[in-house]
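Here is a short tour for your next look at the model. Let's start with a pocket and then move to a strand.

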Amino acid sequence: MSLLKLENVVRRYGDDNNAVYALDGVSLEIEPKEIVIILGSSGSGKSTLLNILGGIDVMSSGKFVFMNKEMKSKKSKDLLMYRRENIGFVFQFYNLIAELTVRENIKVVAEYCESPLDIDDVMTTLGIADLAERFPNQLSGGQQQRVAIARAVIKNPKLLLCDELTGALDSKSSGDVLKFIEKINAEYNTTIIIITHNNEIAKMGDRIIKIHDGKIISNDINTAKVSASELEL
Ligand SMILES: Nc1ncnc2c1ncn2[C@@H]1O[C@H](COP(=O)(O)OP(=O)(O)O)[C@@H](O)[C@H]1O
Ligand SMILES: [Mg+2]
């Protein structure tokens, strides 16, 4: 059984006379535990696609099936529940709470989860256990992004969605963060979708989906997968 499936998904902005199709008939299927890379240039529709998968945007038409259940409703409450139960988001900017320590930043998210992972375990997995009592402004960009990943995975989401997560990082920190993304995938069996315009990052995916002008132009299993530590960023 696939984890999720999109069929002919359209996301349209504007009215009939000046419509913009951010997504123009997207169909895809993602298997549990895959690391999926969505590759495309700026404006190709990557964020729109990720936001629909994450329940923070709504498709104009098409079909979205998650774990064999069709996501029919456009009601924000249903999407909120879906998002709460299943989705972790990581963005280019870390969105940490400046007044809280690393541990507290993770804890505030854990507190509203039904069955969160163990905070110390997640901090250890992400290599930030030693930083638990620091505040965000006492951390490097890469360390802050690892805390942001911890906040996203503490609820043990089925799907971790990463929008240009290394976009603000230097190459060494980018490599580090991607190594930890790989570790999350292995340790917690999390399905991961990474969107990027960086061809090198794509090499670590199990599947590479290329998008252009709101359309998928290729979708292939990556037979030459390399580990994040081997990327030349
Ligand atoms: N709120 C919006 N109103 C109108 N057009 C939008 C809006 N959001 C995105 N778009 C358009 O949809 C297309 C895809 O955007 P986006 O998904 O953000 O691309 P990417 O993440 O690949 O850079 C772009 O042409 C963009 O201008
Ligand atoms: Mg984007």
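How much space lies in the largest pocket? About 400 Å³. This is a predicted model, in which local features need pLDDT of at least 70, side-chain atom pairs count only at pLDDT 80 or more, and totals for chains, interfaces and linings use all residues. Residues are numbered from 1 along each chain as its sequence is written, chains are lettered from A and ligands numbered from 1 in written order, and side-chain values use heavy atoms, without hydrogens and water.

**The largest pocket**
- A pocket is an open set of points on a 1 Å grid over the protein atoms alone, where a 1.4 Å probe fits, with protein on both sides within 12 Å along at least five of seven lines; lining residues have an atom within 4 Å of a point.
- Of the 18 lining residues, Phe89, Phe91, Tyr112, Ala152 and Lys155 are the closest to the pocket's centre.
- S6 gives the largest share of the lining, 4 residues.
- Helices H2 (76-86) and H5 (141-153), like S6, each supply at least two lining residues; helices (H or I, at least four residues) and strands (E, at least two) are DSSP runs, numbered from the N terminus.

- In S7 (residues 159-163), 5 of 5 residues are buried, meaning under 20% relative accessible area with a 1.4 Å probe, protein chains only.
- Leu159, Leu161 and Asp163 point one way from S7, while Leu160 and Cys162 point the other way.
- S6 (residues 87-90) runs parallel to S7, joined by 4 bridges, and Phe89 stands opposite Leu161.
- S8 (residues 191-196) also runs parallel to S7, with 5 bridges, and Cys162 stands opposite Ile194.

Methods:
Buried < 20%, exposed > 50% of the residue type's maximum accessible area, 1.4 Å probe, protein only. Pairing = 2+ DSSP bridges. Points joined across faces, edges and corners; volume = space filled by probe spheres on them.
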